[in-house]
Amino acid sequence: MRLPVQIPFGVVVRDGIAWAAGAGKVMRIDPTTNRVSATLTLSKTSMPIFMQVSAGDSGLWATDYDAGMLYHLRVP
C-alpha cells in the first residue's frame with residue numbers, strides 16, 4: 001500500500017490496528033480495507049523526516065528527531 005507521505009519511517013500495532021509514521025504525521029491503517037482511515041499531525045511547524053512511533057497503554061508516542069520533541073497521542 002502507498003502511504004500519503006513522502007517518507008514513511010515507522011510503524012506500530014496497537015489493539016490490532018496498524019499506525020504508520022512519516023513526515024510529521026501518524027496515520028491509522030484500517031485493517032479491513034488496508035487504507036488510511038485517520039491522520040494525526042504532530043505539529044503545524046515541523047515535518048520531521050526522522051521520526052518513530054511506539055504504542056503504550058495510554059496511546060501512541062511519537063518522536064520528532066528534527067525538533068527534539070516527544071508527542072503523546074491519545075487514540076481510540
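With a relative accessible area of 43%, Phe50 is partly exposed; buried means under 20%, exposed over 50%, and partly exposed in between (1.4 Å probe, protein chains only). Strands, for their part, are DSSP runs of E with at least two residues, and helices are runs of H or I with at least four, numbered from the N terminus.

Before going further, please keep in mind that this is a predicted model, in which local features need pLDDT of at least 70, side-chain atom pairs count only at pLDDT 80 or more, and totals for chains, interfaces and linings use all residues. Residues are numbered from 1 along each chain as its sequence is written, and side-chain values use heavy atoms, with hydrogens and water left out.

In soluble globular proteins, nonpolar side chains tend to be buried together. A nonpolar core, in the sense used here, is a set of buried Ala, Val, Leu, Ile, Met, Phe, Trp, Tyr and Cys residues joined through side-chain atoms within 4.5 Å. The largest such core has 13 residues, and Trp19, Val26, Leu42, Val53, Leu60 and Leu73 touch the most other members. Two or more residues come from each of β2 (17–22), β5 (51–56), β6 (59–64) and β7 (69–73), and β2 gives the most, with three. To see one of these residues in its setting, look at Leu73: leaving out residues up to four places away in sequence, Leu73 touches Val26, Leu40, Leu42, Ser58, Gly59, Leu60 and Ala62, where contact means heavy atoms within 4.5 Å.

A second, separate core has six residues, among them Leu3, Val5, Ala20 and Ile29. Leu3 sits in the segment before β1 and is buried, at a relative accessible area of 16%. Beyond its neighbours within four places in sequence, Leu3 is in contact with Pro8, Ala20, Ile29 and Val36. Leu3 and Ser37 are 34 residues apart in sequence, while their C-alpha atoms are 11 Å apart in space.

Lys25 and Gln52 are 27 residues apart in sequence, with their C-alpha atoms 10 Å apart in space.

The structure holds one salt bridge, that is, a side-chain nitrogen of Lys or Arg within 4 Å of a carboxyl oxygen of Asp or Glu. Its partners are Arg14 and Asp15, whose closest N and O atoms are 3.6 Å apart. Arg14 lies in strand β1 (residues 8–14) and is buried, with a relative accessible area of 12%. Setting aside neighbours within four places in sequence, Arg14 is in contact with Trp19, Ala55, Gly56, Asp57, Ser58, Gly59, Leu60, Val75 and Pro76. Asp15, by contrast, is exposed at 67% and is found in the loop between β1 and β2.

A look at the backbone brings us to the end of the tour. Most residues other than glycine have a negative phi, and most peptide bonds are trans. Asp15 has a positive phi of about 55° although it is not a glycine. Ala23 has a positive phi too, near 50°; this residue belongs to the loop between β2 and β3 and counts as buried, at 13% relative accessibility.
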